Amino acid sequence: MLHLLQSNLVDLYGAIARAGSGAGLTQGLYPEDAQHWLNAYTAAFDAQQPYTVEYRLRRADGQYRWMLETGAPRFLPDGQFAGYIGSCLDITERKLAEEDNYLLQTMTQAIFESQDFHSALAIALQKVCEATRWDFGEAWVPRADRTVLESSRAWYSKSERLIQFRQQSETFTFLPGVGIPGRIWVSKRPEWHRDVSSEADTSYLRSQMALVAGLKAALGIPILANDEVITVLVFYMFEARGEDQRLIDLISASTELGLFIQRKQTEEEIRKSLVKERELNELKSNFISIVSHEFRTPLTSIVVATELLEKHQQQDETRKRGYFQRIRAAANRMNRLLEDVLLIGQGEGGNLEFNPAWMNLELFCQGLIDELQLNAGDRHRLTFANPGDCKQAYMDANLLHHIFNNLLSNAIKYSPKGGVVRLELHQHDGLAWFQVQDSGIGIPAADQQHLFEFFHRATNVSTIPGTGLGLAIVKQCVDLHGGQISVKSTVGIGTTFVVRLPIGSPPEQMYESDYL
């Protein structure tokens with residue numbers, strides 16, 4: 001305990017903190033605290049009343065410590081005010097604990113009031129950066145299948161110069177054990193790096209990016225809930241800095257923070273599920289209406305054609321063949337629709353079968369083109385080209401037929417009369433590349449990202465019959481092959497679908513398909 005005699009305070013650490021009056025009184029105080037102390041002291045002095053004030057004081061080694069100063073007025077026997085007697089205590093540990101608690105309380109409260117998971121992460125990043133003077137914060141979250149960590153859309157920066165670093169970082173993913181996020185994901189332990197810009201790429205994958213951005217010190221912290229990493233927070237600053245164990249303990253030891261963030265994640269998943277369920281119910285309702293209409297149209301055509309045949313049995317053979325063609329076309333249309341509905345049921349139940357066998361892709365494609373050209377007549381022209389040597393492949397002929405029958409039929413349906421539909425096949429990097437190209441109405445950009453969803457139809461095809469099933473089933477068939485499908489389209493110019501399928505490496509014993 002240190003006594004104050006006539007307003008002179010001797011520093012606990014051996015340095016004179018204040019002496020005299022005016023500016024000398026506040027010498028050694030933290031700049032933001034000086035006026036606060038002076039106001040409290042002078043008010044008490046003028047009123048000759050006791051006072052208590054907290055402030056930060058610089059000790060001899062240059063470090064600031066929190067002090068609690070109390071003073072009681074001292075009077076001479078004749079009643080004359082003779083200054084103060086009091087004490088000054090080091091309360092740094094208490095103040096740090098209060099600051100830590102305040103940070104966690106405000107952070108959890110803000111997270112509790114946030115709208116969704118990523119907003120909660122953004123709040124956590126901002127609060128930590130503001131309280132601890134880090135310059136940049138980012139979050140990495142496990143993908144749904146927990147194979148990699150992806151960049152959350154949540155981030156915080158005090159400087160616009162880090163926008164490019166942020167944009168480049170969004171393209172990264174981290175496997176378990178790779179990079180700061182990946183290592184923390186596996187170890188569930190924090191990592192501190194004094195200067196990531198000088199580290200090898202094997203340790204910090206973005207070292208060159210950090211060097212350009214001017215980032216140095218980095219701290220990665222796992223946020224745990226029920227012993228599971230739900231996100232990895234990574235903070236950066238523009239100066240190299242040694243490890244701060246207090247900061248590490250503050251964030252990583254807060255299980256409550258992890259549980260609050262996990263709660264937001266769960267709430268968001270439930271909300272998305274409810275929205276998806278509501279949309280799915282609406283789509284199914286529309287689907288029933290569409291399918292009913294789709295069935296009714298060919299059925300009506302069949303009924304009318306058979307009635308005409310029955311009433312006019314003596315008509316010439318040419319007209320009778322026309323009726324039979326209408327019946328056959330309507331029956332084929334109904335058959336395709338039934339096949340789509342059955343495939344949907346199999347796909348949703350996880351029962352869509354994959355039965356690959358060796359097949360000749362060139363014969364398969366040429367046969368499909370000939371079949372569809374027969375149905376298209378002279379209204380469209382279909383072509384097939386195989387400029388490479390891609391012939392034999394280990395694939396499921398039935399699923400393959402569904403993929404390209406659908407894509408080519410759509411190309412015909414959405415192309416103007418006289419249009420050309422092209423199918424190309426070539427081999428590249430162990431993959432069979434199929435390209436279906438038309439010069440039809442095209443697909444609006446806003447619809448392209450939803451093309452492979454069940455029941456979705458582009459906004460510019462409302463007058464053209466369809467169920468919104470075909471491309472979703474095509475995607476399932478492509479996925480079963482372990483392949484990929486992509487689309488490029490421009491409204492009024494045309495559409496190109498590209499399907500890439502592994503040529504395959506079958507077991508020793510196998511059955512051959514019909515396309516040999």
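Predicted model: local features only at pLDDT ≥ 70, side-chain atom pairs only at ≥ 80, totals over all residues.
Residues count from 1 along each chain as its sequence is written. Local features need pLDDT of at least 70, side-chain atom pairs count only at pLDDT 80 or more, totals for chains, interfaces and linings use all residues, and side-chain values use heavy atoms, with hydrogens and water left out.

**Exercise 1.** Work out how H11 and H13 pack and which residues make the contact.

*Solution.* Start with the ranges: H11 spans residues 397-413 and H13 spans residues 470-480 (helices are DSSP runs of H or I, at least four residues, numbered from the N terminus). Next, the geometry: their axes come within 9 Å and cross at roughly 145° (lines fitted to C-alpha atoms over the stretch in contact, angles from 0 to 180 degrees between N-to-C directions). Then pick out the contact residues (heavy atoms within 4.5 Å): H11 brings Leu399, His402, Ile403, Asn406, Leu407 and Asn410, while H13 brings Gly470, Leu471, Ile473, Val474, Cys477, Val478 and Leu480.

**Exercise 2.** Decide whether Cys477 and Cys88 are buried or exposed.

*Solution.* Buried means under 20% relative accessible area, and exposed over 50%, partly exposed in between (1.4 Å probe, protein chains only). Cys477 sits at 0%, so it's buried. Cys88, at 4%, is buried too.

Technical notes. Helix = DSSP H or I, 4+ residues; strand = E, 2+ residues; numbered from the N terminus.
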